[in-house]
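Colleague: I'm new to this one. Could you show it to me and then put up with some "how do you know" questions?

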Amino acid sequence: WLFFVYSFLGWVMETVAAALKQKRFVNRGLVNAPLCVIYGIAALAITVFCSELSGFWLFAGGMILSTVIEWPAGHWVKRIYHERWWDYSGHKFNLDGYISLSSSLTWGALGYLTVRWGNSIFVGLFNLIPGLIGTVLIWSMVGILLLDNLASLMLLAGRSGRLDRWEAVNSQIANVTARLAKWIAGRVEKRIHKAYPKAY
């Protein structure tokens, strides 16, 4: 549950950031679904290994652990998908463009918020969902994520005899994501226009 919540919230953050910076939607998720799974993975790792920490040490633990996850993840994405999905080359104190001091500090702050308040809030909300519905919801999301990744890998490999079906799966998931992102970007743009009308 926490993995999907934080993966989705990470995707929302990236979508809002892209809307603010580029005035358009750029999908920053793993593949097509509205999920940025590195956020989910990092949140789970911090929850498991840093929950007993507090104060500065919680911040430092989240920063170090997330950075250790982000660097190999960047190389893995490049190797599997032949793309760079984030690039900190323009930031000071970066390594291979996959990690930087500023991003690590951000991870530390997010890790602190995750353990200090986020987990208890989201687990409490999940406990409000009836057991069967919660189970169906979780396994549905697992199925969508697996299908999303499988379809993308099949298309990249080009070895399946049913590429048209995999392409259709990819397209359907991407369409849902695009509609949701368009709504988010539109809301952000309206808020900016309302707060800073002279900026447009």
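Modeller: A contact here means heavy atoms within 4.5 Å. Among contacts in the protein between residues at least 6 apart in sequence, 64% join residues at least 24 apart. Keep in mind that this is a predicted model, where local features need pLDDT of at least 70, side-chain atom pairs count only at pLDDT 80 or more, and totals for chains, interfaces and linings use all residues. Residues are numbered from 1 along each chain as its sequence is written, and side-chain values use heavy atoms, leaving out hydrogens and water.

Colleague: How many helices and strands does the protein have, and what makes something a helix or a strand here?

Modeller: Both are DSSP runs numbered from the N terminus: helices are H or I with at least four residues, strands are E with at least two. On that basis the protein has 6 helices and 2 strands, and along the sequence they follow the pattern α-α-α-β-β-α-α-α.

Colleague: What span would you expect for H3, and what does it reach?

Modeller: The expected span is 1.5 Å times one less than the number of residues. H3, residues 55–81, has 27 residues, and its first and last C-alphas are 38 Å apart, close to the expected 39 Å. H2 has 14 residues and reaches 19 Å, close to the 20 Å expected. Just after H3, His-82 takes a positive phi of about 60°.

Colleague: Why is Trp-11 called buried?

Modeller: Buried means under 20% relative accessible area, exposed means over 50%, and partly exposed is in between, using a 1.4 Å probe and protein chains only. Trp-11 sits in helix H1 and has 0% relative accessibility, so it counts as buried. Ser-66, in helix H3, is at 1%, so that residue is buried too. Of the 200 residues of the protein, 38% count as buried.

Colleague: And what makes H2 "mostly covered"?

Modeller: In H2, 10 of the 14 residues are buried. Among them are Val-37, Gly-40, Ala-45 and Cys-50.

Colleague: What about Phe-93 and Asp-96: buried, partly exposed or exposed?

Modeller: Phe-93 has a relative accessible area of 66%, so it is exposed. Asp-96 has 37%, so it is partly exposed. Phe-93 is in the loop between H3 and strand E1, and Asp-96 is in the loop between E1 and strand E2. Each has a positive phi in a residue other than glycine: near 55° for Phe-93 and near 60° for Asp-96.

Colleague: What makes a set of residues a nonpolar core?

Modeller: The members are buried Ala, Val, Leu, Ile, Met, Phe, Trp, Tyr and Cys residues joined through side-chain atoms within 4.5 Å. The largest such core has 17 residues, and those with the most contacts inside it include Trp-11, Ile-38, Ile-69 and Trp-107. H1, H2, H3 and H6 each supply at least two residues of this core. Apart from it lies another core of 7 residues, Phe-3 and Leu-145 among them. As for Trp-11 and Ile-38, they are 27 residues apart along the chain, with their C-alpha atoms separated by 9.7 Å.

Colleague: Why is H2 called roughly perpendicular to H4?

Modeller: Axes are lines fitted to C-alpha atoms, for helices over the stretch in contact, and angles run from 0 to 180 degrees between N-to-C directions. Angles under 35 degrees count as roughly parallel, over 145 as roughly antiparallel, 65 to 115 as roughly perpendicular and the rest as oblique. H2 and H4 pack at about 65°, with axes 10 Å apart. That is why H2 is roughly perpendicular to H4. Residues meeting there include Ala-42 and Ile-46 in H2 and Trp-107 and Thr-114 in H4.

Colleague: Then why are H3 and H4 oblique?

Modeller: Their axes cross at roughly 120° and come within 7 Å. H3 and H4 are therefore oblique to each other. Meeting residues include Gly-62 and Ser-66 in H3 and Gly-108 and Tyr-112 in H4.

Colleague: What does Ser-66 touch?

Modeller: Not counting residues up to four places away in sequence, Ser-66 touches Ala-42, Ile-46 and Trp-107.
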